[in-house]
Amino acid sequence: MTKKNKRIIILISILFIAIYSFSSVQLYELVENEQVSHYYDVSRGLSESLYTLDNSKTSNELISYLSSNYYDLDAFAWGVALYNKDCEIVARTGSYIQIAYLGKKKNEFIYIDKYLTSEIKKQISDYIKSFKYKTSYILINELNYIENNGNKIPVSFTISDPNLMYDPIKVILSDEKNYKTLTNHSDKSNLFVGFMDIDEEGYIHKEFDEVNDYFENFDADKIKSLFLSHSGGGSDSHDGKEYSGYLEFADGAYVVVIRVIFNYRLETLKSLTFRSVMINQTICYIVFYLIALISLITYFKKNKKHENIKKAFTNAAAHELKTPLAVIENQCECIMENIAPEKNAEYINSIYSEALRMNKLVASFLQYNRLASADNITIEKQKLDGIVNIEIEKYQTYFSTKNISLETEIHENAIIKCNAALLSLVIDNYLSNAIKHTESGKTIRISLLKYNNSYKFSVYNEGAQIPDEYKDMLFNVLYKTDKARSREDNSTGMGLAICKEILDQHKFKYGYSNKRNGVEFYFTT
């Protein structure tokens, strides 16, 4: 392949990569916009649902309702916090322990996100993953806690599978010793624990931590202003990820803050929509690129073949026509200068002979050029044995004149697909070459044999073998193993090159082999 062709392929490859990259960016932005729109819709839906809740609910009931819906949403971090007039968080969503007092409407929540280290989360996650049946809550057998200003600070708790199929495990949050103990059903209470996306990937936990930090550091002046204004509606933050407003519930008035954190770039890359679109696009681009590449390479090869043909044609013509033209020029000079008047007739005969030779050579060149430049040839069903017999009949006189013994073995009714006229040229060339190189009293053997679904035609002539040094050059343009004799027998040296082009067009295998006391030329359909 030439440097120019390589540069074209490189440019095409760069163009494909550029188009692929551009379309990938466009697809990414399209899916990203859908993701962002979706997350904004979900976060606004959270805000709207909050303001349409029954205001007879208490703050704990509200948080219980919201916490139980964590698993119904997509994988991004969100939370709700309620602030009193002192700007203190009185309730918030998150991983929690719920103390349900039997016979009472009161529910107590202990939010435990800040106590859950990565090691504890893994311990709990591994335990939950071992369950045969998935569950939306986990039972607490025992809770150890410390009382502080009416708040329960958890020290450790023992959790178990609600279906009682697995042994319970103890989760230690701190090493405090002066703690109180609360067990399930003691003091007429039930204990449950809910974890916020404990099985999610690491970045989710990190973003939930960001939500909690956001609540801890929320603007106190903003809380006070909302209480003073008694703003019943919600207000959006500049990034569309925070919603806040004043709400009244059965147990008092609060400022509610909703915080949503989502990494839409990461979510876009992780989304099934983006992955499936990119896979389909990549497959399409690879297919189109390979088609384009194969088409280019095929075109370059065909172009190179035509260029080689032209080059070979020009070189061969220049080389072969040089000798007869030199002879003609010399003989003409002898006649014009009247060097030997008595030989003028001889000179004229020599000029005529060389002109005939050049005419035959040019005809061979043109025939070869037409075959080599042809994209396809007409192929029809033909009787190969009939073609062979016609060609043998043409040379019967030669066999008799040169006293050559002919042996034949022809398979009858050998039907193949071929171009009869062109294949006749191949058989004719094989036979004429065999006759030229067979001495009087020797043998030529012609065979057409069937092998499975194909036929092998061969011509063997008894005589000198072809040296191995000519093996790779015998079917080349104008190649002759015996230069002197070739000129004497009026050979153009184009015969086997023409055979090669014809057999290549038919996609037939061909070649020669040195046999005992001779040479065999063949082709196989």
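Visitor: How many bridges join strand 16 to strand 17?
Guide: Eight, and the two strands, residues 443–451 and 454–462, run antiparallel. Strands here are DSSP runs of E with at least two residues, helices are runs of H or I with at least four, and both are numbered from the N terminus. One of the pairs: leucine 449 has lysine 456 in strand 17 as its bridge partner.

Visitor: Is this model predicted or what, and how are residues numbered?
Guide: This is a predicted model, where local features need pLDDT of at least 70, side-chain atom pairs count only at pLDDT 80 or more, and totals for chains, interfaces and linings use all residues. Residues are numbered from 1 along each chain as its sequence is written, and side-chain values use heavy atoms, leaving out hydrogens and water.

Visitor: What's the strand order in the open sheet of five strands?
Guide: The order is 14-16-17-19-18, with mixed pairing (strands pair if DSSP finds at least two bridges between them). At the edges sit strand 14 (405–410) and strand 18 (509–515), each pairing on one side only.

Visitor: Which strands does helix 9 touch?
Guide: Helix 9 (residues 384–394) packs on the sheet and touches strand 14, strand 16 and strand 17 (contact means heavy atoms within 4.5 Å).

Visitor: Where does valine 287 lie?
Guide: In helix 7, residues 272–336.

Visitor: And how much of the whole protein is buried?
Guide: Of its 525 residues, 41% count as buried.

Methods. Axes fitted to C-alpha atoms, helices over the stretch in contact; angles between N-to-C directions. Buried < 20%, exposed > 50% of the residue type's maximum accessible area, 1.4 Å probe, protein only.
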